[in-house]
Amino acid sequence: MSRLLSDFGHELPSAPPAPHAPKDGRLFRHVPRRGARRPGRGWASGSAPVSTWRMTSEQAPVFWPFISTPGLPPTGAQMGIDLLSGGSFYADPLGWVLDDTVPVTNPNIFSLGKPGRGKSATTKAFCLRMMDFGYRVLVLGDPKDEYEPLCRFLGVQPFAIGHGLPARINPLAFGPLITGWDRLSAEAAQGRAAIVFARWLTLVRGLVGSQRIGERRVPFGPTEEVVVKAALAHLTGYAHGNTRMRETTIPHLWRLLDAPTSELVAQCRYADERHFLDDTRMLRDALGQLVSGALAGLFDDHTTIQVDWAAPIQSLSLSRLEPLGDEAVGIALTCLNSWGRGMRELAAPGDVRVVVRDESWKQLRLGPEAVKSFDADLRLSRRDGDVQFAIAHKPSDLLSAGDSGSQAVAIAKDLLHLADIKILHGQDRAVAAELETMLGLGPIARDLVTGWAMQGKGRALWCVGDQHYKVATVLHPVERQLTFTNQALEAAG
């Protein structure tokens, strides 16, 4: 039949030949451990050593790169590529706090890295991309005018603070809490007053504690707190039960303490005016130095700027203060932080902001009271719906808050625990010990920061709670222009 069909051009498929069974009856032959000893068969003269490892599922991804860290939900700003999983990396601090599967309890961020490793670019890209989700940005002190191009790109004119400029900031402003004060019940007014006076005391404590007498900082204890609180109550009218409060300033506070009324002396439990003046001399001298010192005319009058809180970004430039030194800039940052906190009180639900704190280490160097002020801002982030984004160079910057073992250093160390999100850009190997002791990084994560992250800008180890992500930030060409900070170097070249 097959021959007949083939004559007409049709070929039937032929049955495969029956396999020949090997002579020894085995279908498969095992290759020797060192390979077949024949040319081209990969024979090895020695056997490879085999070691046994036991580890947890958290440690296994280090040795098996195909097992990545648990992924984060794809919400928030798309920052770049997670090189451990090969997918996109999304940053959503407030979303992470609300998600029980992500080990984050607060939305605060600390960004640490050597200059030139991409901290500013990552920060600005994060701020710009979070605006698409309804966030607004508040830069409380831009010491180097790095955020000015971003503001102008978004159609916002940044405010500049400095000698000879019209802008004034009153850190003792009431803020939104003054609205409708005369219509409040006695209980509600007392509650608001407690919030306002607590903020003012934190500010004055930080400003007074930043002043030095020889090698010691000016103390601010319970006695000074009673005096300042009583003086502020007199100046605002709260002590006399006024329904309309008056806004006061630091010079007004200083003048009242320098020439106290008999009512203030008696309320503070002093025998007479001379006793009052003798006991408050250091307090008055510290406040007087703020009024007549390097920052005179900047934070000692009523606020003259009108901030559009509906704008996508607002920035307060401090570049004109750089010649005055780090201490002056740190004091200015303390004043701006208190003013910014006051402006955010009674924020409407859903009014979420990214509060950028650049060069935050300068404020921490002012002593324990300034550190406490910064600490208070971080602790209130959950209440206010703010993402506090602090930027510094290395972990040991926090140790510059005071002498080794001092209260300021102890509080500054705890600041790292108030930020569950840390962005660790490239660092020199000399900082490796700090990364391991202060941040609790293991040797592998430490080597990523001091090795891989140093080999390209924008590379960083994102620590989200106790989970680590190896992220390379990807910038759009427009973002690259807005985040470029080497104009001076380029012009010199």
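**Exercise 1.** State what share of the residues of the protein count as buried, and how many helices and strands there are.

*Solution.* Of the 493 residues in this protein, 50% count as buried. The model is a predicted one. Its secondary structure consists of 20 helices and 13 strands.

**Exercise 2.** Describe how helix 7 and helix 8 are placed relative to each other.

*Solution.* Step one: helix 7 covers residues 222-236 and helix 8 covers residues 250-258. Their axes come within 10 Å and cross at roughly 110 degrees. Step two: angles of 65 to 115 degrees count as roughly perpendicular, and the two helices are therefore roughly perpendicular to each other. Step three: the crossing is right-handed.

**Exercise 3.** List the residues with which helix 7 and helix 8 meet, and sort them by class.

*Solution.* Helix 7 contributes V227, V228, A231, L232, H234 and L235. Helix 8 meets them with H252, L253, L256 and L257. By class, this contact has 8 nonpolar, 2 polar and no charged residues.

**Exercise 4.** Which residues of helix 8 are buried, and what covers them?

*Solution.* Step one: I250, P251, L253, L256 and L257 are buried in helix 8. Step two: their cover includes helix 7, as well as helix 6 (186-209), helix 9 (262-267), helix 10 (273-279) and helix 11 (281-292).

Methods. Residues are numbered from 1 along each chain as its sequence is written. This is a predicted model: local features need pLDDT of at least 70, side-chain atom pairs count only at pLDDT 80 or more; totals for chains, interfaces and linings use all residues. Side-chain values use heavy atoms; hydrogens and water are left out. Helices (H or I, at least four residues) and strands (E, at least two) are DSSP runs, numbered from the N terminus. Buried means under 20% relative accessible area, exposed over 50%, partly exposed in between (1.4 Å probe, protein chains only). Axes are lines fitted to C-alpha atoms, for helices over the stretch in contact, and angles run from 0 to 180 degrees between N-to-C directions. Angles under 35 degrees count as roughly parallel, over 145 as roughly antiparallel, 65 to 115 as roughly perpendicular and the rest as oblique. A crossing is left-handed if the near helix is turned anticlockwise from the far one by less than a right angle, and right-handed if clockwise. Contact means heavy atoms within 4.5 Å. Ala, Val, Leu, Ile, Met, Phe, Trp, Tyr, Cys and Pro count as nonpolar, Asp, Glu, Lys and Arg as charged, and the others, Gly among them, as polar.
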